[in-house]
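User: I am new to reading protein models and would like to go through one step by step. Please show me the structure, and then I will ask about it.

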Amino acid sequence: MPSLQRVVADYEDGIMTIDVSGYTGSVKVNISEPNGTIVCQTEEIVSGTGTITISVNNHDRGEKLLKIRECKVNCVKLQ
């Protein structure tokens, strides 16, 4: 499976925006505290390029860790 070719993350006004390109499949995004506690997460399907947004307004200020992971998407044909 091809890997993400480009990832750009930006934070402004309580919104984390992640632009991905060069990939088709599922992308998981976790934002966590330094101790590993996940405060926000989402999973989006990207086809070539895509933008993922996560609101972090409802969480305490301070250092956060951003983890972006590509995931294999399995297709099943139902008959």
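User: Which strands each supply at least two residues of the lining of the largest pocket?

Analyst: The model is predicted. The largest pocket has a lining that includes Met16, Ile31, Leu65 and Leu66. Strand S2 covers residues 15-32, and strand S4 covers 65-71. The strands that each supply at least two residues of this lining are S2 and S4.

User: How do the residues of that lining divide into nonpolar, polar and charged?

Analyst: Among the lining residues are Tyr11, Val56, His59, Asp60, Arg61, Gly62 and Lys64. Tyr and Val count as nonpolar, Asp, Lys and Arg as charged, and Gly as polar. Over the whole lining, the division is 6 nonpolar, 2 polar and 3 charged.

User: How much space lies in the largest pocket?

Analyst: Rolling a probe the size of a water molecule over the atoms shows where empty space is left. For the largest pocket, the volume comes to about 230 Å³.

User: What pattern does the protein follow along the sequence?

Analyst: The protein has 0 helices and 4 strands. Written in sequence order, the pattern is β-β-β-β.

User: In which sense do S1 and S2 run, and how many bridges join them?

Analyst: Two of the facing residues are Ala9 and its bridge partner in S2, Ile18. Asp10 in turn stands opposite Thr17 in S2. S1 and S2 run antiparallel, and the number of bridges that join them is 7.

User: Which residue in the turn between S1 and S2 has a positive phi?

Analyst: S1 and S2 form a hairpin with 2 residues between them.

User: Is Asp13 buried or exposed?

Analyst: The cut-off for exposed is over 50% relative accessible area. Asp13 has 66% relative accessibility, so Asp13 counts as exposed.

User: How many bridges join S2 to S3?

Analyst: Strand S3 spans residues 38-55 and runs antiparallel to S2. The number of bridges between S2 and S3 is 17.

User: Which residue in the hairpin of S2 and S3 takes a positive phi near 100°?

Analyst: This hairpin has 5 residues between its strands. The residue with that phi is Gly36.

User: Which residue in S4 is the bridge partner of Asn30?

Analyst: S2 also pairs with S4, in the antiparallel sense and over 7 bridges. Within this pairing, the partner of Asn30 is Lys67.

User: What separation is there between the C-alpha atoms of Gly50 and Val20?

Analyst: Gly50 lies in strand S3. Leaving aside neighbours within four places in sequence, Gly50 is in contact with Ile18, Asp19 and Val20. Gly50 and Val20 are 30 residues apart along the chain, and their C-alpha atoms are separated by 5.5 Å.

User: Is Ser32 buried or exposed?

Analyst: Ser32 lies in strand S2. Apart from neighbours within four places in sequence, Ser32 is in contact with Thr37, Ile38, Val39, Lys64 and Leu65. The cut-off for buried is under 20% relative accessible area. Ser32 has 11% relative accessibility and therefore counts as buried.

User: Which residues does Gln5 touch, not counting residues up to four places away in sequence?

Analyst: Gln5 lies in the segment before strand S1, which covers 6-12. Gln5 is exposed, with a relative accessible area of 67%. Its C-alpha atom is separated by 6.0 Å from that of Ser21, 16 residues apart along the chain. Under the stated limit, the residues touched by Gln5 are Ser21 and Gly22.

User: What share of the residues of the protein count as buried?

Analyst: A residue counts as buried under 20% relative accessible area. The protein has 79 residues, and the share that counts as buried is 25%.

How values were computed
Residues numbered from 1 in each chain as written. Predicted model: local features only at pLDDT ≥ 70, side-chain atom pairs only at ≥ 80, totals over all residues. Heavy atoms only, no water. Buried < 20%, exposed > 50% of the residue type's maximum accessible area, 1.4 Å probe, protein only. Contact = heavy atoms within 4.5 Å. Pairing = 2+ DSSP bridges. 1 Å grid on protein atoms, 1.4 Å probe; cavity = no way out; pocket = protein on both sides within 12 Å on 5 of 7 lines; lining within 4 Å. Points joined across faces, edges and corners; volume = space filled by probe spheres on them.
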